Structures are given as C-alpha cells and as structure tokens.
Amino acid sequence: MITVRNISKYKEEYPTVITIGTFDGVHIGHLKILSKIINHAKSTELNSSVLTFFPHPRMVLQKDANIKLLNTIEEKITILENLGLDVLIIHPFTKEFSRLTAVEFVRDMLVNTLHIKKVIIGYDHRFGRNRNANITDLITFGNTYDFSVEEIPAQEIDDVSVSSTKIRKALEDGDIETANSYLGYEYMLTGTIIKGKGIGKQLGYPTANLSIAEDYKLIPKNGAYVVNSILNGVVVYGMMNIGYNPTVNGTEKSIEINFFDFNTDLYNQKIQVNILVRLRDEHKFESVEALKNQLAKDKEKSLHFIKK
C-alpha cells in the first residue's frame, strides 16, 4: 500500500476508485464500504484508494479537545494496509482546507490530482466550504468531469455510525468483548515502554509501563485485562492494569503490562498491545498482601483464558 500524507504529494497517474471519510476504528461497518472499493478496483483494474483526514475535523473546526478516537493514525495505516488497499491518502485537515469550495475540492483534488474514475460514498456525505455540497452535487460533478458515483444506502451508513458509537461506549464501560466484536479485531494500544516506579517488580509481577503519546487515543475503562503483543517476533501474553494503583497510593494514571514468561528489556521500544478480555475493575485493597493475592488470581484466570 502506498501511503501519502498530503494530496499535493500524490504523484500516481493511474485511475482510481475512491471513498472518503475518517474511518475511525476501521471496524466491521467500514469493511462493507472498503470491500466495495477493493473488489471494484480488482474487477476494473483501478487503484483502490481511501482519502482520510488528520487531525479529525472536529479537532480543528470545533476545537474539540475531548474527542477520543479508536485509532491513532499509525494504527489506521496498519489496519488499512492489511486489508489490501492500494493507496491511502492522509490529508492534513486545516481551516484553510475546510474553506475550499466544492468545485475546487472535486476538480483540483479528486479529478486533477487523484485521477478518480469512481467514488463510492454514503448518501449523507457532505463536502466543500461549510459542507454545503451533497451527493446530488457530487453526481453532477461526475457528469462534468467523467467519473461515476455509487451511493451507499442509508442502512449501511447507519450501521457504520452505530458501530462507532457502540465501540466507544463499550470501551468506556470496560466491555472489551463487545468492542472487539464490532471492530472485527482486538482493540489495540500502541506506545513506548518507559521506566516506572518498580512497584510491580517488588510485588513479584514486573511490569512494562506503556506511554501513549497521542492524547486523543481512547483508553478503555480502568481495570485489569488479558492482553498479548508480538515481542521479538513471538506472540507473548500477559495481564494489563489501567488505572492509578490506589493500594500503593498511586496518583498518576498508568498502563502497566505484566508479560508472562518474558523477561527481555523493553525500555524505549514501541509496542502494540492487543486487549483480549477484561478481568475486573481496579480496586483499592486493604493491604499489599491482599493485592498480591489478587494478582495471583488474575494470572491464574488469564492463563485459563489463554489455554481455551
């Protein structure tokens, strides 16, 4: 897959079939749309392309600092590449870009730069300055600039919208199983391993402390989870705690993973953690000994789940 981080840097002159959107989560609802693109491209010898934007438009236009996304941009790239997409264009969303008229966007970007021959898009898609153009306008542009438009019906678009909403709600509630079922893959956290306070090691459960740079990434509800990662080319399982470590008077939120049967130094390495199942809420135990006993139970439950 070719990844282009600005439309102006796109140099390919091969004709393309494209869809446009934020595609946060790249979940099973999105797959309906993306599979249309990829299958049509294969049958017509076009490039299959996705045009997406970063930052999220709400971050720019509404200055919505509280928006939480299911994927970092790097996670989204990985997921789309694994689907077999030919081209991913990530265009910077700025106030200047938002002021482009509909005809400027279609003529200059989609037609003259991306060489589109077909657009597959939702019935409710709006674009151009103040989002004042709709799919009817896009069809008119298609007649002018020689590309076709396939409208994705309301039911499929609603499925996409509902899935995104349900995934966020499930993660905020700690319902990782529901979130994963809508995603079609395990929800992931990607970050760098940093030095912690060494409390896990003192308890007999040394942890890798995950630091996530992207503050817009949605972190699931505090608690303990079963996870896995690919470390040094091998799938390694473990248990992860998200929270404040209240039993030892922690004050800062952390993400700590105790990997099973793995003792290689991971400091400063970037890793992806896949969340498989939730074990329990985070609690303040009456003593450190009680916490250690619970961690032993957590590990036993984790190993039982892994062996299923």
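Me: How many bridges join strand β8 to strand β11, and do the two run parallel or antiparallel?
Reply: This is a predicted model. Strand β8 covers residues 208-211 and strand β11 covers residues 254-259. A208 stands opposite I257 in β11. The two strands are joined by two bridges, and they run antiparallel.

Me: In what order do the strands of the barrel come?
Reply: Six strands close into this barrel, with antiparallel pairing. Direction ignored, neighbouring strands are turned by 45 degrees against each other on average. The order is β7-β8-β11-β10-β9-β12.

Me: Which strands stand at the edges of the open sheet, and why is one side of each left without a neighbour?
Reply: The open sheet has six strands with parallel pairing, in the order β1-β4-β3-β2-β5-β6. An edge strand here has a single partner, so one side of it is left without a neighbour in the sheet. The edge strands are β1 (2-4) and β6 (148-152).

Me: What does the twist of the open sheet average from one strand to the next?
Reply: The sheet in question is the open one, with parallel pairing of six strands. From one strand to the next, its twist averages 20 degrees.

Me: Which residue of β5 does V17 stand opposite?
Reply: Strand β2 spans residues 16-20, and strand β5 spans residues 116-122. Three bridges join these parallel strands. The residue opposite V17 is K118.

Me: Which side chain meets that of E74 in a salt bridge?
Reply: Side chains of opposite charge can pair when their charged atoms come close. For E74, the N to O distance is 2.8 Å, inside the 4 Å cut-off for a salt bridge. E74 sits in helix α3 (residues 73-83), and its partner, 69 residues apart, lies in the loop between β1 and β2. The partner is R5.

Me: How many salt bridges does the structure hold?
Reply: A pair counts when a side-chain nitrogen of Lys or Arg is within 4 Å of a carboxyl oxygen of Asp or Glu. The E74 and R5 pair meets in a salt bridge. The structure's total is 11.

Me: Which residues gather in a patch of positive charge on the surface?
Reply: One of them, R99, has its place in the loop between α4 (95-98) and α5 (102-111). The patch consists of K63, K95, R99 and R129.

How values were computed
Residues numbered from 1 in each chain as written. Predicted model: local features only at pLDDT ≥ 70, side-chain atom pairs only at ≥ 80, totals over all residues. Heavy atoms only, no water. Pairing = 2+ DSSP bridges. Helix = DSSP H or I, 4+ residues; strand = E, 2+ residues; numbered from the N terminus. Axes fitted to C-alpha atoms, helices over the stretch in contact; angles between N-to-C directions. Patch = residues over 30% accessible without salt bridge, like charges linked within 9 Å, V, L, I, M, F, W, Y side chains within 5 Å. Areas by Shrake-Rupley, 256 points an atom, 1.4 Å probe, with all protein chains shown as cover. Lys, Arg positive; Asp, Glu negative; His and termini not counted. Charge placed at Lys NZ, Arg CZ, Asp CG, Glu CD.
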